[in-house]
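Dear colleague,

I am handing over the structure we spoke about, and below it you will find what turned up when I went through it. Please keep it open beside this email as you read.

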Amino acid sequence: MEDCVVEVKGLWTQFGDNVVHRDIDLCVRHGEIMSLVGGSGSGKTTMLRQMIGLERPTRGDVRVFGVSLQSNDLSALRKLRDRWGMLFQEGALFSALTVFDNVALPMRELRLLDEGLVHDLVMMKLDMVGIEPRHASKMPAELSGGMVKRIALARALALEPELLFLDEPTAGLDPDRSESFVTLIQELHRELQLTVVMVTHDLDTLVALSNRVAVLCDQRLEIVGTLDEVVADPHPFIRNFFMGERGRRALEAVRAVKAIVSMT
Ligand SMILES: Nc1ncnc2c1ncn2[C@@H]1O[C@H](COP(=O)(O)OP(=O)(O)OP(=O)(O)O)[C@@H](O)[C@H]1O
Ligand SMILES: [Mg+2]
């Protein structure tokens with residue numbers, strides 16, 4: 001049996017007559033970056049929310065580190081929550097809290113750490129995502145979009161998770177900021193040996209980060225595989241997604257990099 005950090009089995013999601021997921025199975029392996037792509041409204045965010053127990057599937061089960069999120073064992077579920085971090089798609093920070101307090105929030109909720117330690121840990125997390133200490137006392141409204149994403153990432157990393165969920169991490173960032181955010185995720189993934197589940201519609205981000213890609217279309221997973229396997233799939237959504245001008249350029253770039261790496 002495969003060793004899955006996140007295991008989705010027979011997932012069925014329905015809002016009234018709107019069937020979003022139809023019998024989906026998925027296994028996210030330890031240490032990989034798994035990207036989830038699909039059209040707008042195909043149910044990517046819903047699936048991430050189901051993976052952190054914020055929403056219940058209509059049918060089926062989600063297990064994280066072997067524990068079913070449907071379990072009634074509250075203490076097991078609470079422990080599980082400290083093992084993952086999530087970067088949400090929309091406005092990721094609390095606007096009424098400073099940068100410092102945003103990152104401190106999950107640490108304070110634990111009620112185990114004294115304020116001195118919280119301070120040191122917050123400053124360490126900010127440093128990890130490239131935010132200078134002078135920004136700690138600022139309010140989110142004073143920051144650029146790229147900084148907000150970095151601070152939201154620092155908060156997702158606050159409790160040193162083993163598993164990180166990212167919903168559209170580079171959406172709304174200009175190409176330079178997007179590229180440096182991708183580099184940051186690559187570094188953190190390597191240094192912290194994280195398992196990552198990421199939703200993105202940005203091809204550059206997808207190509208740069210994914211070990212495997214899962215494509216959601218027609219309420220099912222059309223394919224789960226490496227980028228090369230996925231681009232060979234004939235489904236019209238996939239052809240459109242990867243074979244447009246931008247898609248072709250991104251794929252050519254990744255193949256060129258692979259060729260260089262294999263020569264060295
Ligand atoms: N709480 C809810 N009640 C009713 N319908 C919902 C609810 N949450 C999501 N939906 C519906 O489920 C579908 C999937 O939504 P979801 O937000 O997961 O899509 P998505 O793939 O993340 O889209 P996007 O790329 O636009 O972010 C949509 O049709 C949405 O309207
Ligand atoms: Mg979404």
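This is a predicted model: local features need pLDDT of at least 70, side-chain atom pairs count only at pLDDT 80 or more; totals for chains, interfaces and linings use all residues.

Strand 3 and strand 9, which covers residues 212-217, run parallel and are joined by 5 bridges. Strand 3 is also joined by 4 bridges to strand 8, residues 195-199, and these two run parallel as well; here Met34 has Val197 as its bridge partner.

Is strand 3 enclosed or open to the outside? Of its 6 residues, numbered 33-38, 6 are buried, so the strand is largely enclosed by the rest of the structure. In a regular strand, side chains alternate between the two faces of the sheet. In strand 3, Ile33, Ser35 and Val37 point one way, while Met34, Leu36 and Gly38 point the other way, and all of them are buried.

Gly38 also belongs to the residues that surround ligand 1, together with Phe15, Asn18, Val20, Ser40, Gly41, Ser42, Gly43, Lys44, Thr45 and Thr46. The elements that give two or more residues to this shell are strand 2 (18-29) and helix 1 (44-51), and the largest share, 3 residues, comes from helix 1.

With best wishes

Technical notes:
Residues are numbered from 1 along each chain as its sequence is written. Chains are lettered from A and ligands numbered from 1 in the order in which they are written. A residue is near a molecule or strand if its C-beta atom, placed from the backbone, lies within 6 Å of it. A residue is buried if 20 or more other C-beta atoms lie within 10 Å of its own, exposed if 12 or fewer, and partly exposed in between; C-beta atoms are placed from the backbone. Two strands pair if DSSP finds at least two bridges between them.
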